[in-house]
Amino acid sequence: MTMLDKRKLEFILSEQQDELEELGNEVLCHRAEEALIDLQSPQAQVVIGVRRSGKSTLCYQALHNAGVKFAYTDFDDERLYDLKIEQLNDVLEVLYKIYGDFNYLFFDEIQNVEGWYLFVNRMLRKKMHVVITGSNAKLLSGELATHLSGRNKEIPLFPFSFREFCTQKQVETERKTTKAEGLRRAAFDEYMKQGGFPELMTIEDSKAYIKDLVNNILQRDIEQRYNIKHKAAFEQLAQHLLNNAPTTVVTRELAKTFSFKSEHTAKNYVNYLKQAYMLLGIQKYSTKSKERVTQEKVYAIDVAMMNQRENAFAGENLGHRLETIVLIHLIRKCKMEGLDVYYLNERFGECDFVVCNGRVARQAIQVSYDISAEKTRKREIAGLLLAAEHTGCKDLLLLTDHDSGTVEVEGKTIKIQPVYEWSLEID
């Protein structure tokens, strides 16, 4: 393919500059992850997460609010899709022409350029500050670890938390009045249905939006990147996992269901979906390493992926949606605090989540939409008691849609709390 000349590059990058400047005219939600971006660091600041989770906006806010001189390139622009690493110096030259002098480079989806890390490494050696976004964990994390030798700081970003959703909707999150409580409840019902992708708050056709997002992830981020041969079967697998999430991954059964030649193929495909942040995976709580590695449970990265897709069959399973919201909030919190999240599944019962600091279980959490039925209530409490017995954990929490209180069972105290209230507390 013919290489882009500098005149064409200037036209594309000037248009991108205009698009970025338009962000300055919008009212943007402050996000806690902005504080994690260290603009004084000699390390590359790498914001990583699912497409359209707000990574570009986060980086723009951090740079804009700091008042530093920076230049911007979006490598997810289809006009730059075949850009080669040897042209990155041309990009740099054109950026100097457009922006003047600067000491910060802001690159969106730079993993689209093969060998990109060589250029970034050179910029870091020249004392340039570099801020990067990306939506592929393997390409960014793996290549950074291999080639930048610790010269990077990784910052995970998820779609909006419930607090951020409320902020954008101008819903009060702190006041304890009847009105404020009612409005928060209504907002949470909407959040549980709509999810946290920022742009969905201003787009009416959510199904078309999610269809486009899913197709981009499957086709551009995975099929093209990894040269997937059995595209139809791979996409059927992705839809199957999203329809059934949360679900335990059994690669042997997946290989049989979708006629893959080996379990290895099924395992790779699931890993690609996780690396592109379409799925989140948590391991089984066990002292045996083999059980933790082989019995993984996967969740959709956002509840919008569960039923807003085309031909989605996940339905309105409110229990699964509530469990997914809790997991995403937990992962967000635990990544910032250096904690791990597992699920517990033993012969006589299970518990949704066990939060650990190393080998020490800090909290056991059970999620149930409605515990008004005595049978359901007993089952969920039994799961927490099982977790306490197997892990030694004393902090037991039962999260529901609307119930609250505490219960004493077998000498143990279990706190019951609505998810919307809990999620605002842990943010």
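Predicted model: local features only at pLDDT ≥ 70, side-chain atom pairs only at ≥ 80, totals over all residues.
How many disulfides does a search of the whole structure find? The search finds zero.

**Cysteines**
- The closest cysteine sulfur to that of Cys-29 belongs to Cys-166 and lies 10 Å away, so the two are too far apart for a bond.
- Cys-29 is buried, its relative accessible area being 6%.
- Cys-393 likewise takes part in no disulfide, and the nearest cysteine sulfur, in Cys-356, is 8.0 Å away.
- Cys-393 has a relative accessibility of 3% and therefore counts as buried.

**The open sheet**
- Nine strands form an open sheet of mixed pairing, in the order E6-E8-E7-E9-E10-E11-E12-E14-E13.
- Its edges are strand E6 (247–248) and strand E13 (405–409), each of which pairs on one side only.
- Strand E11 (residues 360–367) runs parallel to strand E12 (residues 396–400), and four bridges join them.
- Ile-365 has Leu-397 in E12 as its bridge partner.

**Helices across the sheet**
- Helix H15 (residues 374–391) lies across strands E9, E10, E11, E12, E13 and E14, and runs at about 170 degrees to E11.
- Helix H16 (residues 419–426) lies across E11, E12 and E14, at about 95 degrees to E14.

**Gln-16**
- Gln-16 is located in helix H1 (residues 6–23).
- With a relative accessible area of 1%, Gln-16 is buried.
- Apart from neighbours within four places in sequence, Gln-16 is in contact with Tyr-72, Thr-73, Asp-74, Asp-77 and Leu-80.

How values were computed:
Residues numbered from 1 in each chain as written. Heavy atoms only, no water. Helix = DSSP H or I, 4+ residues; strand = E, 2+ residues; numbered from the N terminus. Buried < 20%, exposed > 50% of the residue type's maximum accessible area, 1.4 Å probe, protein only. Contact = heavy atoms within 4.5 Å. Pairing = 2+ DSSP bridges. Axes fitted to C-alpha atoms, helices over the stretch in contact; angles between N-to-C directions. Disulfide = S-S within 2.5 Å.
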